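Work through the exercises below with the sequence and the structure in view. Try each task before reading its solution.

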Amino acid sequence: WERRVRLRVLDLRVSRSLVRELGLTCATEFRHCRHIVLSRSGGRAPVWIRGRHDEANLLKDLERLARPQFEQVTVEELRNRSNRDRSLVALQADAPDDLRLAVHRMRLRLDVLLVKDAAGALGFGLQNAGAVAALRAGEDQIRFFVAEAGPLDKWLRTVAVPCLADVKDFVDDEPYEELGLPVAKLYLDGGALDTRAREVMASLASDFFGRAAFT
């Protein structure tokens with residue numbers, strides 16, 4: 001993946017027109033530092049990622065962002081890629097630019113696929129070019145965005161997190177902090193009931209979608 005990434009340092013005092021275009025500012029504290037990522041699929045619209053103390057975590061973020069996106073697939077291929085460790089968002093191949101841009105901004109957290117067969121897309125549930133479907137990691141249910149669910153970007157942040165994630169450090173907690181939802185945590189001790197406890201929590205995570213998050 002390293003061959004698909006190019007790193008650049010931008011001097012805000014020199015590249016002022018680009019600074020204004022991208023809305024860049026100097027952070028007063030390191031914890032507020034952000035890196036910007038530009039890609040062909042997003043044009044001049046950047047994806048923002050957090051500054052990292054640990055190089056390994058920064059490289060993980062860059063590896064996720066370097067994943068191929070907006071691939072055109074069949075419905076069968078789409079289903080075969082579901083239920084992995086990353087959520088998927090599916091659009092029709094002729095989805096409008098504003099919709100593509102909205103999901104492009106979430107590339108750090110999820111993968112974006114285009115259903116190339118119009119008839120297949122319709123059968124899958126993508127009723128028109130503005131429809132959005134999501135297959136959340138760890139969940140079999142297909143979710144569709146509806147206007148009543150609130151802003152699209154908030155809905156995308158919710159489907160981007162796994163149904164029930166393993167959280168090991170503060171970096172793993174970040175996607176849940178960004179949701180602004182109550183977070184229920186399951187603590188496991190390696191006992192015989194761990195599997196059953198996971199099943200119960202996964203069911204609750206599905207029932208409380210958009211109202212609470214579970215780790």
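**Exercise 1. Find how the lining of the second largest pocket divides by class, and where that lining comes from.**

Step 1. Sorted by class, the lining of the second largest pocket holds 11 nonpolar, three polar and 14 charged residues. Here Ala, Val, Leu, Ile, Met, Phe, Trp, Tyr, Cys and Pro count as nonpolar, Asp, Glu, Lys and Arg as charged, and the others, Gly among them, as polar.

Step 2. The model is predicted: local features need pLDDT of at least 70, side-chain atom pairs count only at pLDDT 80 or more, and totals for chains, interfaces and linings use all residues. Residues are numbered from 1 along each chain as its sequence is written, and side-chain values use heavy atoms, with hydrogens and water left out.

Step 3. The volume of the second largest pocket is about 790 Å³. On a 1 Å grid over the protein atoms alone, a pocket is an open set of points with protein on both sides within 12 Å along at least five of seven lines, a cavity is a set of points where a 1.4 Å probe fits but cannot get out, and lining residues have an atom within 4 Å of a point. Grid points are joined across faces, edges and corners, and a volume is the space filled by probe spheres set on the points.

Step 4. H2 supplies the largest share of this lining, five residues. Both H2 and helix H7 (170–179) supply at least two residues each. Helices (H or I, at least four residues) and strands (E, at least two) are DSSP runs, numbered from the N terminus.

**Exercise 2. Describe the largest pocket.**

Step 1. The largest pocket has a volume of about 1500 Å³. Its lining is made of 36 residues, and Arg6, Arg8, Ile36, Val37 and Leu38 lie nearest the centre.

Step 2. Helix H1 (16–22), strand S1 (34–37), strand S2 (47–50) and helix H2 (55–65) are the elements that give two or more residues to this lining. S1 gives the most, with four residues.

Step 3. By class, the lining of the largest pocket has 22 nonpolar, seven polar and seven charged residues.

**Exercise 3. Which residues lie closest to the centre of the largest cavity?**

Step 1. The whole structure has one cavity of 30 Å³ or more, and the volume of the largest cavity is about 60 Å³.

Step 2. The largest cavity is lined by 14 residues, the closest to its centre being Arg136, Val161, Ala212, Ala213 and Phe214. H7 and strand S9 (213–214) are the elements that give two or more residues to the lining.

Step 3. Phe214 is buried, with a relative accessible area of 8%. Buried means under 20% relative accessible area, exposed over 50%, and partly exposed in between (1.4 Å probe, protein chains only).

**Exercise 4. Is strand S4 enclosed or open?**

Step 1. Six of the six residues of strand S4 (residues 87–92) are buried, so S4 is largely enclosed by the rest of the structure.

Step 2. In a regular strand, side chains alternate between the two faces of the sheet. In S4, Ser87, Val89 and Leu91 point one way, while Leu88, Ala90 and Gln92 point the other way.

Step 3. S4 pairs with strand S5 (residues 110–115) in the parallel sense over six bridges; two strands pair if DSSP finds at least two bridges between them. Ala90 has Leu113 of S5 as its bridge partner.
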